[in-house]
Amino acid sequence: MQKSTAELLEQAGRSILFTAIRPDIVMEKGQGMYLWDTDGKKYLDFIGGWAVNCLGHCPDVIADALSKQSSLLVNASPSFYNRQMIEFAKLLTDISCFDRVFFTSTGAEANEGAVKLARKYGSGSLGGAWEIITTINSFHGRTLAMMSATGKKHWEDLFKPKLPGFVHVPFNDIDAAEAAVNENTCAIMIEPVQGEGGVNLADEKYIEGLRRLCDEKGILLIFDEVQTGIGRTGEMFAYQHYGIEPDIMTLAKGIGGGFPLSAMLAKERLNIFDPGDQGGTYTGQPLAMAVGMAVVREVLERDLPGRAAIMGEYIIERLKGMSEKYPLRNIRGKGLLTAFDLPDPIGEKIVSACLDEGLIINSPRPSAIRLMPPLIVMKQHVDEMIDILSRVLDRIYPGDRQS
Ligand SMILES: *Cc1c(COP(=O)(O)O)cnc(C)c1O
């Protein structure tokens with residue numbers, strides 16, 4: 001007999017290490033834009049596995065890639081090349097401005113690799129410089145080093161001692177970045193759109209300024225595109241909006257479409273690791289490579305970055321329409337990474353009311369709502385999302401309160 005939902009939740013309460021407050025729901029099935037829980041309730045998914053399931057839930061290309069590859073080669077060890085790893089690296093370098101790829105499994109690991117590479121460069125080419133400038137409200141992952149790199153106020157006192165070597169400056173402030181650079185600096189690392197920080201878009205001038213600053217000082221520009229990469233913002237990679245090229249870029253989330261996979265990409269002159277400097281049991285893991293290649297090919301073939309741009313505009317247009325009736329503020333976004341603010345810190349309340357109504361959205365900050373649906377989202381899904389959100393806001397802001 002399968003356990004009932006109540007039994008599963010009771011078991012979760014006893015055997016899952018507590019790390020997060022989760023709703024009393026157990027997810028069981030996914031297809032396209034929808035998820036189903038163990039009671040058969042259906043949810044429209046506007047977080048897309050946390051900006052991960054770019055092709056929606058359970059796309060055929062992932063099932064096919066997994067079944068083919070798992071009967072051919074699951075793991076040969078990181079000490080050998082494998083066919084998928086070589087072909088996937090070639091594909092990624094063909095479609096980006098980068099020449100070299102290192103594969104890992106999570107965003108935090110890819111960023112760790114970027115930091116190690118920048119420090120290696122600093123030790124060899126910048127007289128031992130090892131400090132990296134990051135931004136306030138940034139998010140780079142949950143390893144100890146990435147918690148140090150991340151500019152989250154709430155994390156400052158957690159798990160001390162922090163890893164030294166990260167300097168946090170305000171986002172979109174080129175003067176602050178310039179003032180922070182000194183002889184110890186080896187790199188500047190930023191998200192072109194701060195995702196977890198609440199969907200904050202970098203100004204064009206800021207990105208251009210950072211590139212110029214890095215060139216002048218001979219230091220590296222690292223783009224953390226873990227959330228923005230693979231079509232999310234309306235270009236395959238967010239750096240392509242700005243007419244500049246970073247020296248290092250990290251990818252995760254969308255690149256595996258739900259399979260744990262990440263990559264660190266670098267320019268040829270940064271092919272400087274010595275044997276043993278960097279590695280990992282699962283680097284270039286054939287199943288991950290096969291899935292990643294299938295996902296990226298599908299994103300390219302269906303021009304999902306182009307669709308993300310169009311659907312992102314439609315979401316913004318519909319939200320703007322809603323703002324005539326409800327107090328939505330700062331409606332913003334790039335492609336399918338969109339958000340708005342509310343005048344009150346009721347983000348979690350709205351998220352939970354929407355969940356009851358069968359819609360999954362996210363509140364990255366107490367008064368902000370973020371929408372990051374799969375790149376396959378269609379107008380009908382946006383309309384369905386807006387209907388549910390309007391119903392919920394009707395209850396919270398009755399009588400057209402426009403405060
Ligand atoms: C999610 C995220 C990470 C961390 O990725 P994990 O796979 O959870 O380690 C890092 N940087 C950005 C910008 C992210 O959005």
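**Note on the ligand site, cavities and sheet of a predicted model**

1. The shell around the ligand divides into 3 nonpolar, 6 polar and 3 charged residues. In this count Ala, Val, Leu, Ile, Met, Phe, Trp, Tyr, Cys and Pro are nonpolar, Asp, Glu, Lys and Arg are charged, and the others, Gly among them, are polar. The model is predicted: local features need pLDDT of at least 70, side-chain atom pairs count only at pLDDT 80 or more, and totals for chains, interfaces and linings use all residues. Residues are numbered from 1 along each chain as its sequence is written, and side-chain values use heavy atoms, with hydrogens and water left out.

2. The shell consists of T106, G107, A108, N111, F139, H140, G141, E191, D224, V226, Q227 and K253. Helices (H or I, at least four residues) and strands (E, at least two) are DSSP runs numbered from the N terminus.

3. G107 places a backbone N or O atom 2.8 Å from a ligand oxygen atom. A polar side-chain atom of Q227 lies 2.8 Å from an oxygen atom of the ligand, and one of D224 lies 2.8 Å from a ligand nitrogen atom. Taken alone, the ligand exposes 380 Å², and the protein buries 81% of that; areas come from the Shrake-Rupley method with a 1.4 Å probe, and for residues only the protein chains shown count as cover.

4. How many cavities of 30 Å³ or more are there? The count comes to 2. On a 1 Å grid over the protein atoms alone, a cavity is a set of points where a 1.4 Å probe fits but cannot get out; a pocket is an open set with protein on both sides within 12 Å along at least five of seven lines; lining residues have an atom within 4 Å of a point. Grid points are joined across faces, edges and corners, and a volume is the space filled by probe spheres set on the points.

5. The largest cavity has a volume of about 40 Å³. Its lining includes N75, F80, M85 and Q285, and divides into 5 nonpolar, 6 polar and no charged residues. The second largest cavity holds about 30 Å³ and is lined by L144, M147, S148, L158, F159, P161 and K162.

6. The second largest pocket holds about 730 Å³ of space. Of its 25 lining residues, R100, V101, F102, N271 and F273 lie nearest its centre. Strand β4 gives the largest share of the lining, 4 residues. By class the lining has 16 nonpolar, 6 polar and 3 charged residues.

7. An open sheet of 4 strands runs in the order β1-β2-β3-β15, with mixed pairing. Its edge strands, β1 (27–31) and β15 (359–360), each pair on one side only. Two strands pair if DSSP finds at least two bridges between them.

8. Strands β2 (residues 34–37) and β3 (residues 42–45) pair in the antiparallel sense over 3 bridges. W36 stands opposite K42 in β3, and L35 has Y43 as its bridge partner. The two strands form a hairpin with 4 residues between them, where G40 in the turn has a positive phi of about 85°. Strands β3 and β15 pair in the parallel sense over 2 bridges, with L359 in β15 the bridge partner of L44.

Methods
A residue is near a molecule or strand if one of its heavy atoms lies within 4 Å of it. A polar contact is a pair of N or O atoms within 3.5 Å; within protein, one must be able to donate a hydrogen and the other to accept it, and residues adjacent in sequence count only if both atoms are side-chain atoms.
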